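Please consult the sequence and the structure shown below while reading.

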Amino acid sequence: MSTVHIRDLRIAFGRPGHTTEVVSGISLTLSPGRIQGLAGESGSGKTVSGLAVLGLLPETAHVSGSVRLAGTELVGMSERDLNRVRGAKVAMVFQDPSASLHPQLTVGSQLTDHVRTHLRLTKRASRARAVELLTRVQVPDPDGALHRYPHQFSGGQRQRIAIAMALACDPQVLLADEPTTALDVTVQAGILHLLRDLAAERDLAVLLITHDLGVMSAVADDVAVMRHGSIVESGPTHRVFTAPEHPYTRELLTSMPEAHESLIDENSSGGQA
Ligand SMILES: Nc1ncnc2c1ncn2[C@@H]1O[C@H](COP(=O)(O)OP(=O)(O)OP(=O)(O)O)[C@@H](O)[C@H]1O
């Protein structure tokens, strides 16, 4: 299983000579089986950093530094090679599950097409794989779900289906950008549990991007706090949240006391929820 080493990643937008740097040299390591959180206020550079790992930034973005997956450099890789990495090795789950689901295709055809293209399975084997994936992400009636369209599911179920799509080719790395932000709080907890269980059982290296420190404290093993394009503090989530060293981390935690409390509650009940 692979580790992702992000080193001195810089991202700027604009024309040559008139660029604005939005990420100023961040370094992070994503390890198999662990959830690395990336926190920080809106506009701090979390999303563009995630997109850079997948080579999904627009052409107006200038990216430098290094993103190595199992020793292979992804920064500067050709679009053709990146296409092979995307989906197969690195997958992404977005805030809006519709971003990864086609509204006019059944869930079954999307999942089986995806699996057939990338894994070259027969029709029958790809259908079996689709049912297996839907079962794992706990979509009710997986067989029936194959014949339904995305809009026939609840928001939480759609996000589970998007996670199934992301997992279809057994990726080694999963980037999850605000995966629960659009969901009700009660539904959020189920999706977060699922992500945590999947990271552990599949040895997935997960980058969890969220501005929600409650979400972060519930599932991230480690957290990096971004501000204005730089990481101001990073470390094990428990340490960062209970003994923040940087004034900005303290400020964030003060503005969201429930995150701090939820971590304390979880620890007193013997583990993370
Ligand atoms: N395509 C683009 N062209 C120019 N600037 C961009 C582009 N995409 C993002 N930016 C800028 O990059 C900075 C970082 O944006 P980013 O979306 O990564 O922030 P974020 O921390 O994920 O915030 P949010 O939580 O609101 O999504 C912002 O100033 C944003 O305006």
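Against which helices do the buried residues of α4 pack? In this predicted model, the partners of those residues are α3 (107-119), α5 (142-145) and α6.

**Helix α4**

Helix α4 spans residues 123-136 and has 14 residues. From its first C-alpha to its last it reaches 20 Å, close to the 20 Å expected at 1.5 Å a residue. Its buried residues are S126, R129, A130, L133 and L134. Seen down the axis of α4, these buried residues fall within an arc of 130°, so they line one face of the helix. An α-helix has 3.6 residues a turn, so residues three or four places apart point the same way.

The face of α4 turned away from the buried side carries the exposed residues R124 and E132. R124 counts as exposed because 9 other C-beta atoms lie within 10 Å, the cut-off for an exposed residue being 12 or fewer. The C-alpha atoms of R124 and S100 are separated by 23 Å, and the two residues are 24 places apart along the chain.

**The nonpolar core**

The largest nonpolar core comprises 67 residues, of which A164, V173, L174 and V206 touch the most other members. Helix α6 (residues 155-167) supplies the largest share of this core, six residues. With residues up to four places away in sequence left out, V173 touches V4, L30, L69, K89, V90, L204 and A205.

**The ligand shell and helix α1**

The ligand is surrounded by 13 residues, the closest being F13, V22, S42, K46 and T47. By class, this shell has four nonpolar, eight polar and one charged residues. Its largest share, three residues, comes from helix α1 (residues 46-54). Within α1, the buried residues are K46, V48, S49, G50, A52 and V53.

**Loop residues**

Most residues other than glycine have a negative phi, and most peptide bonds are trans. Q138, which follows α4, has a positive phi near 60° although it is a residue other than glycine. Q138 lies in the loop between α4 and α5. D203 is likewise a residue other than glycine with a positive phi, near 55°. Its place is the loop between α7 (185-202) and β8 (205-209). A further loop residue, P32, lies between β2 (18-30) and β3 (35-40).

| Residue | C-beta neighbours inside 10 Å | Class |
|---|---|---|
| P32 | 17 neighbours | partly exposed |
| Q138 | 16 neighbours | partly exposed |
| D203 | 14 neighbours | partly exposed |

A residue is buried if 20 or more other C-beta atoms lie within 10 Å and exposed if 12 or fewer. With 17 neighbours, P32 therefore counts as partly exposed; Q138, with 16, is also partly exposed, as is D203 with 14.

Terms used: Residues are numbered from 1 along each chain as its sequence is written. This is a predicted model: local features need pLDDT of at least 70, side-chain atom pairs count only at pLDDT 80 or more; totals for chains, interfaces and linings use all residues. A nonpolar core is a set of buried Ala, Val, Leu, Ile, Met, Phe, Trp, Tyr and Cys residues joined through C-beta atoms within 7 Å. Helices (H or I, at least four residues) and strands (E, at least two) are DSSP runs, numbered from the N terminus. Two residues are in contact if their C-beta atoms, placed from the backbone, lie within 7 Å. A residue is near a molecule or strand if its C-beta atom, placed from the backbone, lies within 6 Å of it. Ala, Val, Leu, Ile, Met, Phe, Trp, Tyr, Cys and Pro count as nonpolar, Asp, Glu, Lys and Arg as charged, and the others, Gly among them, as polar. The expected span of a helix is 1.5 Å times one less than its number of residues. The arc is that of the directions from the helix axis to the C-beta atoms.
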